[in-house]
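Here's a quick briefing to read with the model open beside you. Have a look around first, then work through the notes by topic.

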Amino acid sequence: MRDVVRAGRFLCDGRRAVLILTTTAVLLLVAYPIVQLVLKSFPLDNYLTQLRAPQSYLALRNTLYVSVGITFLATLFGSLLALLVVRTNLPLKRVVRGGVYLLFLTPAYVGAMAWIQLFGRAGYVTRWLKSTFDLVRPPWDLYTLEGVILVMGLYMIPIVYLATANALRNADPSHEEAAVVSGASSLRTLCTVTLPLALPGILAGAFLVFVHGVAGFGVPALLAMPSGHSVLTTQIYAALGHYDVRMACTLSVLLMVLSAAALWTHNAVLRRGRFATKPSPGRSIRPFELGRWRWPITTIAVVFLLLVAGGPIVMIGASSLLKAWGLPISWGNLTLGNYRSIFSVGVSARALRNSFLFAAGGATCAAVLGLAISYIVHRMRLLRGVRLLDAVATAPLAVPGPVMAAGMIFAWTMPPLRLYNTPWIILIAYTAAFLPYTVRTVGGVLKGMPESLEEIGWLSGGSWARVFGGIVFPVIRRGVWAGWMLVFLMAFREIPISTMLYTQGTETVGVLLFILKTEAGGLEVVSAVAVVVLVLTALGQYAVGRLAGIREGIL
């Protein structure tokens with residue numbers, strides 16, 4: 001009876017206005033662009049035509065090849081590192097976790113820039129090898145699909161590491177204890193008990209990596225496009241550049257279906273993998289002894305992470321201090337002028353300012369809308385359609401950045417709102433693309449808040465607005481700020497959406513990194529911008545951890 005009264009009472013207070021405004025905003029920002037994109041991809045003959053076209057078929061095949069390769073590489077190293085840190089007596093675990101954290105902080109396209117500066121056709125390591133061993137060509141070519149797999153796979157390691165480590169920490173140790181008591185060796189226990197317990201986490205991380213591989217744009221644009229290789233995301237970008245609307249829409253829908261299928265599989269694995277959890281937080285199993293292999297394995301792990309995580313960051317930092325890219329790294333060639341230039345007048349300063357404004361505006365809109373959606377979903381459960389509202393709001397999780405940008409172009413180039421070629425379309429795209437992250441962050445906090453606190457406020461005679469502002473928001477504000485900061489970080493370093501939507505005067509940091517990557521004389525400035533992105537990302541991740549109440553870091 002109390003629930004029925006509560007469901008009817010919302011019609012008489014501000015919750016009705018919140019529901020109407022929120023539903024309208026979600027339909028306009030999320031559903032309308034996606035529907036426009038799907039409608040423009042019809043009739044169905046377009047799909048057959050595009051799949052038969054050699055360039056589209058090749059892009060689809062390359063996308064699957066790259067995504068599977070990235071998934072295999074990241075899963076292999078991520079799960080192995082998690083197993084060593086969580087379940088063995090590996091020394092220097094903090095150093096290993098720090099290396100994985102560096103990979104986590106570094107955007108993949110920034111890492112790709114560093115790999116180009118080290119191992120590209122004119123990279124420092126490449127030039128040294130050619131001059132030392134008198135080689136005509138280096139023994140590798142980074143501008144291939146395999147180069148994309150290598151770079152993206154390495155920077156996806158933290159995703160699998162986190163998922164596997166969490167699965168291992170939450171696994172019930174009694175299963176492993178039983179195997180040891182029954183006489184099984186450490187290796188056999190590891191293979192027959194520990195790995196099966198960690199399998200749900202490994203698979204969940206692998207599917208997430210696959211989704212990122214399918215939706216990846218920055219690294220393929222850096223490494224695959226210059227050599228003529230294409231994936232679906234770069235093919236969509238090229239189609240829009242040539243005003244081929246039919247191809248762009250059809251490929252966008254195909255890419256969205258691939259991402260949605262992988263995400264659905266990931267969620268199914270998570271639902272089925274909730275078993276063998278630890279019954280008591282204080283109980284843990286004795287770590288596996290590595291024996292004489294303890295320090296050799298530690299050395300290999302530390303050196304590997306120093307090379308793949310620390311090396312590119314050092315390279316980017318050194319390049320940002322050079323007077324001109326390609327000069328020998330010596331005291332005489334170092335300068336702080338690159339950092340002064342990005343904070344002075346020019347495209348670099350404008351891109352930095354625009355990124356702050358767009359990211360802050362998008363984060364604010366996404367946080368406000370995510371707060372409203374979370375409240376509707378978790379506090380108005382008896383109303384019809386709240387689950388559908390949640391599903392639509394979180395749909396962008398399955399919509400890659402280039403697809404979202406394409407939908408925005410087709411949605412907002414027509415009356416009544418012509419927002420294309422204006423700054424507003426980037427703000428709207430950021431809000432829609434990153435809305436699911438605030439919905440999930442705020443929803444998790446709101447779900448844990450006792451409803452009795454609100455009921456006490458209502459019984460005391462407070463209106464809905466007063467109860468929400470005086471009781472609800474103060475309790476969940478840390479989650480709101482954490483969601484805001486998370487969206488700000490993701491929007492600030494975003495590439496595909498802003499690259500496809502920017503005009504002269506609305507360049508962002510992502511656009512700057514993308515359009516200046518091949519300009520001689522511009523790489524040192526771009527490296528300085530990349531360092532700023534890395535520093536802000538590190539500070540933002542620390543702030544998110546503090547706001548979310550994480551004391552020992554994410555790893």
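Which backbone oxygen does the side chain of T164 reach? That of V160, at 2.8 Å. Keep in mind that this is a predicted model, where local features need pLDDT of at least 70, side-chain atom pairs count only at pLDDT 80 or more, and totals for chains, interfaces and linings use all residues. Residues are numbered from 1 along each chain as its sequence is written, and side-chain values use heavy atoms, with hydrogens and water left out.

**The chain overall**

- You're looking at 25 helices and 0 strands; helices (H or I, at least four residues) and strands (E, at least two) are DSSP runs, numbered from the N terminus.
- Of the 555 residues in the chain, 53% are buried. Buried means under 20% relative accessible area, exposed means over 50%, and partly exposed is in between (1.4 Å probe, protein chains only).
- Take the contacts (heavy atoms within 4.5 Å) between residues at least 6 apart in sequence: 79% of them join residues at least 24 apart.
- The chain exposes about 25,800 Å², with carbon and sulfur atoms supplying 67% of that; the areas come from the Shrake-Rupley method with a 1.4 Å probe, and for residues only the protein chains shown count as cover.

**T164 in α9**

- T164 sits in helix α9, residues 157-170, and it is buried, at a relative accessible area of 2%.
- Setting aside neighbours within four places in sequence, T164 is in contact with S79, A82, A198, G201 and I202.

- In helix α7 (residues 124-133), the buried residues are Y124, T126 and L129, and they pack against α6 (108-119) and α15 (294-320).
- D134 follows α7 and has a positive phi, near 55°.
- W140 lies in the loop between α7 and α8 (145-155) and is partly exposed, with a relative accessible area of 30%.
- Beyond its neighbours within four places in sequence, W140 is in contact with F119, V125, T126 and L129. A polar atom of the W140 side chain lies 2.9 Å from the backbone oxygen of F119.
- W140 and R121 are 19 residues apart along the chain, and their C-alpha atoms are separated by 9.1 Å.

**α18 and its two sides**

- Helix α18 (residues 386-393) has V386, L389, D390 and A393 buried. They cover an arc of only 100° around the axis, so they are on the same side of α18; the arc is that of the directions from the helix axis to the C-beta atoms.
- An α-helix has 3.6 residues a turn, so residues three or four places apart point the same way.
- R387 and L388, on the other side of α18, are exposed.
- The packing partners of the buried α18 residues are α2 (15-40), α17 (347-379) and α20 (423-447).

**Around α3**

- N46 is in helix α3, residues 45-52, and counts as buried at 5% relative accessibility.
- Not counting residues up to four places away in sequence, N46 touches K40, S41, R246 and T250. N46 and T250 are 204 residues apart in sequence, yet 6.8 Å apart in space, C-alpha to C-alpha.
- P43 is in the loop between α2 and α3, and the peptide bond from F42 to P43 is cis, with omega near 5°.

**Positive phi in two other loops**

- L92, in the loop between α4 and α5 (93-105), is a non-glycine residue with a positive phi near 55°. L92 is partly exposed, with a relative accessible area of 42%.
- N421, in the loop between α19 (401-411) and α20, isn't a glycine either, but has a positive phi of about 70°. N421 is partly exposed, with a relative accessible area of 46%.

Note on methods:
Polar contact = N/O pair within 3.5 Å; in protein donor to acceptor, adjacent residues only side chain to side chain.
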